[in-house]
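Please look over the sequence and structure before reading on.

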Amino acid sequence: MPRISWNEIQDRAAAFAGRWAGETYEKGESQSFWSDFLAIYDIDRRRHGAFFEYAIKKGSGKQGFIDLFWPRKLLAEQKSGGKDTGKARLQAYEYLETMPDHDLPQAIVVSDFATFDLIDTRTNAGVTFPLEDLPKQVRRFAFLIDETGQAYEEENPVNRDAAENMAKLHNQLAASRYGGRDLELLLVRLVFCLFADDARIFERNIFANYLRNRTQADGSDFGPRLVKIFEVLNTPVEERQTTLDEDLRAFPYINGGLFEATIRAPDFTSGTRRDLLTAALLDWGKVSPAIFGSMFQGVMDAAVRRNLGAHYTSEKNILRVIKPLFLDDLYAEFARVRDSPRELRRFHEKLPLLNFLDPACGSGNFLAITYRELRRLEHKVVQVQTRGQKSLFDVRELLKVNVDQMHGIEIEEFPSLIAQTALWLTDHQMNLEASQMLGQHYVRLPLTASANIVHANALTTDWADVVAPERLSYVLGNPPFIGQTYQSPAQKREVAAVLSDIPRTGVLDFVSGWYGKATEMMQRNPRIESALVSTNSITQGEQASILWRDLLDKGVEINFAHQTFRWSNDARGVAAVHCIIVGFGLKGKEQRRIFEYLDIAGEPIEVSASNINPYLADAPDLVVVNRPRPLGHVPVMAWGNKPTDGGHFLLSPEERAQAVANEPDITTWIHRYIGGGDFINSLERYCLWLKDAAPQVVRNSAFIRDRVEKVREFRLASKAPTTRAYAQYPTLFRQISQPDVPYLAIPEVSSERRDYIPIAFFSPDIICSNTVQFIAGAENYHFGVLTSRMHMAWVRTGCGRLKSDYRYSKDIVYNNFPWPENVTEAQTAAIERLAQAVLDARDEFPGSTLADLYDPLTMPPALAKAHQALDRAVDRLYRKEPFKSDADRVTLLFERYGALVG
């Protein structure tokens with residue numbers, strides 16, 4: 001369903017038609033026209049990844065520009081009013097000739113401002129209607145807002161049903177104590193056979209029909225019959241017994257090792273027999289290789305997934321990796337050479353020489369999609385080479401790309417088995433596509449080539465033993481997502497061994513080891529390029545400074561990057577993470593690409609960059625290190641007070657009221673207490689603050705004495721020696737830093753939805769916790785700069801994250817922030833006045849929390865305008881010329897930072 005009603009869409013369409021009717025417009029108005037059109041459906045072009053004037057080579061080899069292009073959705077061509085649209089329609093089809101399959105739009109629309117020609121690219125069915133009829137025709141464009149229309153294969157219900165059926169069967173057999181490698185091989189073979197039944201590897205349905213017609217209803221002979229089929233599939237036809245059952249004789253010889261190992265015959269029941277036969281009713285020929293990750297994830301419990309860092313990649317995210325890594329470049333080269341037979345032949349000869357390594361390949365999703373896209377490109381090449389003379393060629397000689405170009409390393413045996421099978425099935429799908437395209441039936445049987453999938457630990461294996469560096473072209477994949485807290489001692493040792501040149505590897509995420517290993521391979525062959533899906537932590541805060549200082553020293557350059565986005569996947573028990581994609585190599589590309597996400601769950605906006613630094617910003621290659629004091633002449637920032645008390649120093653409002661009612665004299669020793677979440681959400685908490693209390697204060701109060709005793713007991717029970725030692729000071733917080741002057745408080749964690757981190761002034765009698773960082777004696781000037789858009793641009797780039805929320809750090813963010821230089825008294829006074837205006841705007845809403853005031857949906861206009869005025873003034877402290885974007889601010893800040901630290 002659309003986010004707005006169809007009635008409202010029709011109303012908007014009517015208004016659009018009225019606005020653009022009655023005049024003859026020139027093509028130069030097309031961007032305004034199509035922006036207005038998309039607004040009918042509440043579509044923001046930039047947020048959804050649509051482009052004006054999209055550059056693309058035509059089928060003729062000439063450069064062209066699509067007026068509006070939304071990959072996988074819509075291609076729009078515009079003509080001036082009164083001009084013939086036929087030429088534009090032909091031009092649109094020319095663009096499709098060189099367009100990658102994964103970008104092909106669902107529809108083409110051609111308009112002259114007065115009419116619409118809408119063509120469905122899947123059926124070539126078209127409809128033409130005048131502008132005034134658009135309100136009646138709005139549902140024809142429903143695919144623009146219908147999310148189920150996305151052309152990503154893992155969203156096909158067949159894939160989800162297939163994955164769930166196999167997971168269910170796995171669990172039923174495992175519960176009956178049929179497990180281990182036998183169960184894993186059984187599942188992989190069943191998937192292959194079900195696919196082969198529907199995809200013309202076998203005669204159609206011979207597998208399902210044999211099991212349905214030749215087994216008992218109670219399932220008693222089902223397992224032995226399966227094992228017999230596997231034996232037949234592993235036996236060459238000429239070696240089979242002459243008395244073999246006729247139905248079994250119809251199965252082809254498969255080879256490839258898939259059916260070689262002997263397994264125990266599983267004992268089926270009537271229920272498990274029925275479940276497998278029901279699963280066979282699906283059309284397995286339509287199943288995407290992306291199912292296999294989903295299937296494997298479906299049979300893993302959450303604890304195992306966490307231990308392995310298993311996060312299986314959707315096709316959508318795989319394409320985000322492989323398009324900028326190699327596929328876009330290959331298609332661009334194809335467009336350049338397609339009209340030169342000699343150059344096209346050289347290009348074709350290059351494709352089978354490309355080798356790909358996924359060093360954490362899981363169930364093979366990355367390799368399967370990579371292979372599929374490489375084959376589809378080859379099909380386009382062959383189609384051009386054989387144009388008008390297909391019957392003169394043998395398809396076996398034409399198709400050169402094969403699965404043995406795919407290499408993988410996987411620590412778990414079951415997914416490594418699935419990966420090899422997935423690539424065989426993908427190869428067969430591609431053979432069917434080639435057969436249809438070239439008019440010759442083509443099946444590669446028996447299997448002679450196979451993907452090179454190694455069951456091993458990628459961090460303790462020399463990747464050169466898997467594929468020779470001189471043969472390797474690309475490293476790609478999504479290594480395990482395991483943060484420093486969740487790594488086992490063995491995993492920490494593995495990372496330390498790989499990154500032996502780096503001190504303090506213990507704070508790095510597990511994925512860092514793969515960056516080290518990839519760099520080793522690239523040092524052996526600098527032509528290798530790499531791209532890894534990663535936890536975003538490695539480009540933030542302390543981790544960025546530790547990992548990337550070493551990588552930069554080794555010559556690593558970032559060629560493209562997807563900034564933080566939310567992981568999406570269709571597998572059951574899907575892991576919720578925020579990640580990035582980093583494309584890197586030892587040779588920097590002239591054109592570098594950053595994919596920014598205005599909405600981390602949405603589509604990216606691509607921007608060109610002159611350089612991409614470790615924080616994935618268009619800025620110089622610098623790392624921001626932990627710094628004990630600020631770079632500028634500004635007050636120091638400190639952490640708040642840490643109780644380490646088991647909660648016994650802390651009081652709710654009700655506990656405070658009860659304690660004071662019982663012992664009025666203790667009021668002096670109970671102070672207001674704030675953590676980061678407390679002052680943002682106006683939560684009321686209190687604490688016992690006994691820093692200057694005389695011994696009799698504790699002795700004379702039963703309430704205080706009880707709480708202090710509980711603090712002492714808590715500390716004595718701690719495993720940490722330093723905490724146990726502090727049990728001798730049970731009246732004091734573990735760490736005390738409370739200022740004796742008013743202070744400015746900054747929460748440690750704040751929502752990434754906010755444009756500004758809420759910060760506030762407090763009096764010294766309010767005790768701040770260790771989830772707050774503070775500046776004692778801060779003035780309005782400091783408040784003004786720290787709550788500005790300039791400082792927020794620095795925060796977003798360099799701070800750590802908790803999921804996607806900001807995690808402010810004084811040593812990384814504040815102490816490295818390049819403050820404005822040579823600020824005059826008049827400028828300081830102007831910032832102080834505008835900062836006070838922000839505080840005054842807050843005070844206009846005494847019943848609202850800072851969370852209310854800084855929510856983008858509820859921020860009062862008066863406060864927003866006060867911040868905007870302050871932002872402009874702070875910007876002018878850095879330069880007179882206005883900044884175009886936060887990226888522009890970040891570039892300047894890194895240049896300033898580089899100058900300050902030398």
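Contact here means heavy atoms within 4.5 Å. The model is predicted. In it, Arg789, Met790, Ala793, Trp794, Arg796 and Thr797 of helix 28 meet Asp886, Arg889, Val890, Leu893, Phe894 and Tyr897 of helix 33.

**Helix 28 and helix 33**

- Helix 28 spans residues 789-798, and helix 33 spans residues 886-901.
- Their axes lie 9 Å apart, and the helices pack at an angle of about 80 degrees.
- Angles of 65 to 115 degrees count as roughly perpendicular, so helix 28 is roughly perpendicular to helix 33.
- The residues of this contact comprise 7 nonpolar, 1 polar and 4 charged.

**Asn613**

- Asn613 sits in the loop between strand 15 (605-609) and strand 16 (638-639).
- Asn613 counts as buried because its relative accessibility is 0%, and the cut-off for buried is under 20%.
- Beyond its neighbours within four places in sequence, Asn613 touches Ile558, Ala619, Pro620, Asp621 and Phe894.
- Phe894 also belongs to the helix 33 side of the contact with helix 28.

**Nonpolar cores**

- The largest nonpolar core holds 112 residues.
- Trp463, Tyr515, Trp548, Phe679, Leu786, Tyr808 and Tyr878 have the most contacts inside this core.
- Helix 32 (residues 861-878) gives the most to this core, contributing 8 residues.
- Another core, of 51 residues, lies apart from this one; among its members are Ala199, Phe202, Phe222 and Leu258.

**Tyr808**

- With neighbours within four places in sequence left aside, the contacts of Tyr808 include Met637, Trp639, Ile746, Pro747, Glu748 and Ile757.
- Tyr808 is also in contact with Gln773, Leu786, His791, Val795, Val813 and Tyr814.
- Among these partners, Leu786 is itself one of the residues with the most contacts inside the largest core.

**Helix 14 and helix 15**

- Helix 14 covers residues 315-337, and helix 15 covers residues 341-350.
- Their axes come within 9 Å and cross at roughly 155 degrees.
- Angles over 145 degrees count as roughly antiparallel, so helix 14 is roughly antiparallel to helix 15.
- The crossing of these two helices is left-handed.
- Helix 14 makes the contact through Leu330, Glu333, Phe334 and Val337, and helix 15 through Glu343, Leu344, Phe347 and Lys350.
- The residues of this contact divide into 5 nonpolar and 3 charged, with no polar ones.

Note on methods:
Residues numbered from 1 in each chain as written. Predicted model: local features only at pLDDT ≥ 70, side-chain atom pairs only at ≥ 80, totals over all residues. Heavy atoms only, no water. Core = buried A, V, L, I, M, F, W, Y, C linked by side-chain atoms within 4.5 Å. Buried < 20%, exposed > 50% of the residue type's maximum accessible area, 1.4 Å probe, protein only. Helix = DSSP H or I, 4+ residues; strand = E, 2+ residues; numbered from the N terminus. Axes fitted to C-alpha atoms, helices over the stretch in contact; angles between N-to-C directions. Parallel < 35°, antiparallel > 145°, perpendicular 65-115°, else oblique. Left-handed = near helix turned anticlockwise from the far one by under 90°. Nonpolar A, V, L, I, M, F, W, Y, C, P; charged D, E, K, R; others polar.
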